[in-house]
Amino acid sequence: MGIPTGAARWTTAILFSSLLLFLAAGCASTFFRPEKGYRIPPELARVAHEDIFFTTADGLRLHGWLLSPKGGAAPRGSVLFLHGNAGNIGVNAGSIVWLAEAGYAVFTFDYRGYGLSEGEPTFPGIQEDARAALALLPTLPGVDRRRVAVFGQSLGGSVGIYLVATAKDRSLVKALAADSAFADYQMIVRDRMTEFPLTSLTKYPVSLFFDDRFSPEEVIASVSPVPIVLIHGTADRVVPFRHG
């Protein structure tokens, strides 16, 4: 005896829904690939650095570094650096040591679930982390609150745009730079899923599982009057150039 048509439809729907959930869970690595623990990269020896621990509004303890030029000279300005989706601040330190060598104070930190920071990464959570870091920055030693910039790379660029566009203390920020940021969370999911034939077929329904509330495309106009620099390469294989 065959399965009744109604039951067959329900079975197909359940299997399809399960497949979508499985694919959505797998695609989470598109955004969050944290590395736990603590490492000091050799590049850090070229600058002065200090461990900074601070607490978010929802009570998580995060870890960061304050980098500054050796010699104790007053910094030319201060930069909040937001790293990408993979590794931790130790892995990404090579991207910012040059700023400290050039005379800037640089505060970088690990999002929740990365490095020594507590919790697990979520879309609302990492925005909360960025807000906490921006609020902390002016209180750090040697930071001149009159000359503060936000600089983000990849995921950090997208987080940075949303941060500056929506921050209550936006007047603190005098410049924003975003390197290889993506414009829309659901769009980048679809872009990445297009790379594989199986996932390409389900890219639109799967992308709907991702929280799109914090996509920079929707808020970037509100960054004004803060000057913004968007940096993107036409050969970028991770975040397509059209996002820039």
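I took buried to mean under 20% relative accessible area, exposed over 50% and partly exposed in between, with a 1.4 Å probe and protein chains only. By that rule, 50% of the 244 residues of the protein chain count as buried.

I noted that this is a predicted model, in which local features need pLDDT of at least 70, side-chain atom pairs count only at pLDDT 80 or more, and totals for chains, interfaces and linings use all residues. Residues are numbered from 1 along each chain as its sequence is written, and side-chain values use heavy atoms, without hydrogens and water.

I looked up the secondary structure next. The protein chain has eight helices and nine strands, taken as DSSP runs numbered from the N terminus (helices H or I, at least four residues; strands E, at least two).

The axes of α4 (residues 123-136) and α5 (residues 155-166) come within 10 Å and cross at roughly 65°. α4 is therefore roughly perpendicular to α5 (the class runs from 65 to 115 degrees). For the contact (heavy atoms within 4.5 Å), I listed Ile-126, Gln-127, Ala-130, Arg-131 and Leu-134 in α4 against Leu-155, Ser-158, Val-159, Tyr-162 and Leu-163 in α5.

Finally, I checked Asp-179, which lies in strand β8 (residues 173-179). Asp-179 is buried, with a relative accessible area of 18%. Leaving out residues up to four places away in sequence, Asp-179 touches Phe-151, Gly-152, Gln-153, Ser-154 and Ile-231.

Terms used
Axes are lines fitted to C-alpha atoms, for helices over the stretch in contact, and angles run from 0 to 180 degrees between N-to-C directions. Angles under 35 degrees count as roughly parallel, over 145 as roughly antiparallel, 65 to 115 as roughly perpendicular and the rest as oblique.
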